[in-house]
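Subject: A structure for you to look at

Hello,

Here is the structure I promised to pass on. Please open it next to this note, and I will walk you through what turned up.

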Amino acid sequence: MTKSDTVSKAPAQTFAGQPLQQFLTYRLSRVQSKLNAQMAKILRENVGLTLMQWRVIALVGSAGQTRFSSLVKESVLDKGFLSRNLKTLIEQGFILSEPDQNDQRAQNLRLSPKGQNAFERALPITQKRQEWLRKDITEDELAVFRRVLDKLETASERQGF
């Protein structure tokens, strides 16, 4: 018997009678990681973008014009991480940044023609993937799943437990 056989046959550690692998946060994190890896590969191979580049381009493209503060609020990403990716996309010519005429501290963001082209190439791929991911999920299951996600998101915003 090898060491790996011993480890794999060991009883699962439980917390309050539930295996860690069944904690909601564990499962959500695991699924998100797998979906992110899958999408990163699809975007890299088909459009030449990273997942984060696509997310920023998609947020700006969907808005038409937006500000950094709106991107932070919408994406719930770390400001520093988002800022670095946005700076790179501006430097690479995907996003245009112009001073706001009413608030000189703010920058209005919109897709450049290059960014619009990337958005238009990636969007059908992402839509097709969404359909593929949903193919084995009924409308009733999807409705329940969305309600559960809404409840979890609300719970995540509450302080204390």
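Here is something to start with: which residues does glycine 93 touch, not counting residues up to four places away in sequence? They are Ser112, Lys114 and Gly115, where a contact means heavy atoms within 4.5 Å.

Before going on, a word on the source. This is a predicted model, in which local features need pLDDT of at least 70 and side-chain atom pairs count only at pLDDT 80 or more, while totals for chains, interfaces and linings use all residues. Residues are numbered from 1 along each chain as its sequence is written, and side-chain values use heavy atoms, with hydrogens and water left out.

The overall picture

The protein has seven helices and five strands; helices (H or I, at least four residues) and strands (E, at least two) are DSSP runs, numbered from the N terminus. Read from that end, the order is α-β-β-α-α-β-α-α-β-β-α-α. Of the 161 residues, 22% are buried. Buried means under 20% relative accessible area, exposed over 50%, and partly exposed in between (1.4 Å probe, protein chains only). The accessible surface is about 12000 Å², and carbon and sulfur atoms hold 54% of that; these areas come from the Shrake-Rupley method with a 1.4 Å probe, and for residues only the protein chains shown count as cover. Among contacts between residues at least 6 apart in sequence, 50% join residues at least 24 apart.

Helix α2 (residues 24-46) and helix α6 (residues 113-134) have axes that come within 11 Å and cross at roughly 145 degrees. Axes here are lines fitted to C-alpha atoms, for helices over the stretch in contact, and angles run from 0 to 180 degrees between N-to-C directions. On the α2 side the contact holds Leu35, Gln38, Met39, Ile42, Leu43 and Asn46, and on the α6 side Ala122, Ile125, Thr126, Arg129, Trp132 and Leu133. By type, eight of the residues in this contact are nonpolar, three are polar and one is charged. (Ala, Val, Leu, Ile, Met, Phe, Trp, Tyr, Cys and Pro count as nonpolar, Asp, Glu, Lys and Arg as charged, and the others, Gly among them, as polar.)

The end C-alpha atoms of α2 are 33 Å apart, in agreement with the 33 Å its 23 residues should span at 1.5 Å a residue; the expected span is 1.5 Å times one less than the number of residues. Just after α2 comes glycine 48, with a positive phi of about 80 degrees.

Helix α3 and what follows

Helix α3 (residues 51-63) reaches 18 Å from its first C-alpha to its last, close to the 18 Å expected for its 13 residues. Its buried residues include Trp54, Ile57 and Val60. Glycine 64 follows α3, and its phi is positive too, near 85 degrees.

Threonine 66 lies in strand β3 (residues 66-67) and is buried, with a relative accessible area of 11%. Beyond its neighbours within four places in sequence, threonine 66 is in contact with Val60, Leu71, Gln107, Asn108 and Leu109.

Two loop residues

Valine 76 sits in the loop between α4 (68-75) and α5. Its phi is near 55 degrees, a positive value in a residue other than glycine, and at 68% relative accessibility valine 76 counts as exposed.

Back to glycine 93: it is in the loop between α5 (79-91) and β4 (95-99) and is partly exposed, at 26%. Glycine 93 and leucine 111 are 18 residues apart in sequence and 8.7 Å apart in space, C-alpha to C-alpha.

Enjoy looking around!
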